[in-house]
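Me: I have a model open here and would like to talk through its packing with you. Could you take my questions one at a time?

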Amino acid sequence: MALSFFTPADSAILLIDHQEGVLSWVGSADLKEVTANAFALAKAAKALDIPLVLTTSMEDHAQGPLLPQFAEIAPEEYAGRIRRSGVVNAMDDPAFAAAVKATGRTNLIIAGVTNDVCTVYPTLTALDSGYRVQVVADAGGSMTKSADDIALRRMELAGAGIASTNMILTELAGTWTSPAGQALIPIVGSLIPA
């Protein structure tokens, strides 16, 4: 099978449960790195006109509100986020599944705040539904390193690509001299360690 890279024209970005409370449950990754990467994905979606779907679960419970920076980066998507009432697999929520389908895109870039809960189930469901999926592993984490490793292995074995934020952004750029590349240079640059 020939490899075809994801492009801004054929991809959608799904960000799942990057909420204040859920973020505090991540023990396998640096929280500043996780949030910086999630924000970079949202910024890339806006810069490249890629459909962006945001979702949360039980904002009025321990999971807490969606990180407020998303309101600044993507105000329309923030206001229109899919607020799930406890459904663990976001793709099992009819409103979220409909929003994903409405993007018209067959390539999904998925990042959930917890890879072993928020990311794994929608990824498996999307793959089973015929989507191509790349999981942005460093825009999330898990309670433990072993839980993260197991979740990433399960998704990879099911057919998902596993990527870093930088990998996805540079794949979408294709070449730095393209309009996409030019739009992504400052976003990629913001992730370079000082």
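Me: To start, where is the place of leucine 127?
Reply: This is a predicted model, and in it leucine 127 sits in helix α6.

Me: Is leucine 127 buried or exposed?
Reply: Leucine 127 is buried, because its relative accessible area is 18% and the cut-off for that class is under 20%.

Me: And what is leucine 127 in contact with, leaving aside its neighbours within four places in sequence?
Reply: Once those neighbours are set aside, the contacts of leucine 127 are Val133, Met155, Ala158, Gly159 and Ala160.

Me: OK, so at what angle do the axes of α6 and α7 cross?
Reply: Helix α6 (residues 115-128) and helix α7 (residues 145-158) cross at roughly 5°, and their axes come within 10 Å. Angles under 35 degrees count as roughly parallel, which means that α6 is described as roughly parallel to α7.

Me: Which strands does α6 lie across?
Reply: Helix α6 lies across β1, β4 and β5, and relative to β4 it runs at about 165°.

Me: Switching to the sheet, in what order do the strands come?
Reply: The open sheet is formed by 6 strands in the order β3-β2-β1-β4-β5-β6, with parallel pairing. Its edge strands are β3 (82-84) and β6, each of which pairs on one side only. On average, neighbouring strands of this sheet are turned by 25° against each other, ignoring direction.

Me: What about α2 and α9, how do they pack?
Reply: Helix α2 (residues 31-48) packs against helix α9 (residues 179-191) at an angle of about 165°, with the axes 10 Å apart. Since angles over 145 degrees count as roughly antiparallel, α2 is therefore roughly antiparallel to α9. The crossing in which α2 passes α9 is right-handed. On the α2 side the contact is made by Ala36, Asn37, Ala40, Lys43, Ala44, Ala47 and Leu48, and on the α9 side by Ala180, Ala183, Leu184, Ile187 and Leu191. Those residues are 10 nonpolar, 1 polar and 1 charged.

Me: Which residues of α8 are buried, and what covers them?
Reply: In helix α8 (residues 165-173) the buried residues are Thr165, Ile168, Leu169, Glu171, Leu172 and Ala173. Their cover includes the strands β1, β4, β5 and β6 together with the helices α2 and α9. Just after α8 comes glycine 174, with a positive phi of about 75°.

Me: Which residues have a positive phi although they are not a glycine?
Reply: Among them are aspartate 17, with a phi of about 65°, and aspartate 49, with a phi of about 55°. Most residues other than glycine have a negative phi.

Me: Where are those two, and are they buried or exposed?
Reply: Aspartate 17 is in the loop between β1 and α1 and counts as buried at 4% relative accessibility. Aspartate 49 is in the loop between α2 and β2 and is exposed, with a relative accessible area of 65%.

Notes
Residues are numbered from 1 along each chain as its sequence is written. This is a predicted model: local features need pLDDT of at least 70, side-chain atom pairs count only at pLDDT 80 or more; totals for chains, interfaces and linings use all residues. Side-chain values use heavy atoms; hydrogens and water are left out. Axes are lines fitted to C-alpha atoms, for helices over the stretch in contact, and angles run from 0 to 180 degrees between N-to-C directions. Helices (H or I, at least four residues) and strands (E, at least two) are DSSP runs, numbered from the N terminus. Angles under 35 degrees count as roughly parallel, over 145 as roughly antiparallel, 65 to 115 as roughly perpendicular and the rest as oblique. A crossing is left-handed if the near helix is turned anticlockwise from the far one by less than a right angle, and right-handed if clockwise. Contact means heavy atoms within 4.5 Å. Ala, Val, Leu, Ile, Met, Phe, Trp, Tyr, Cys and Pro count as nonpolar, Asp, Glu, Lys and Arg as charged, and the others, Gly among them, as polar. Buried means under 20% relative accessible area, exposed over 50%, partly exposed in between (1.4 Å probe, protein chains only). Two strands pair if DSSP finds at least two bridges between them.
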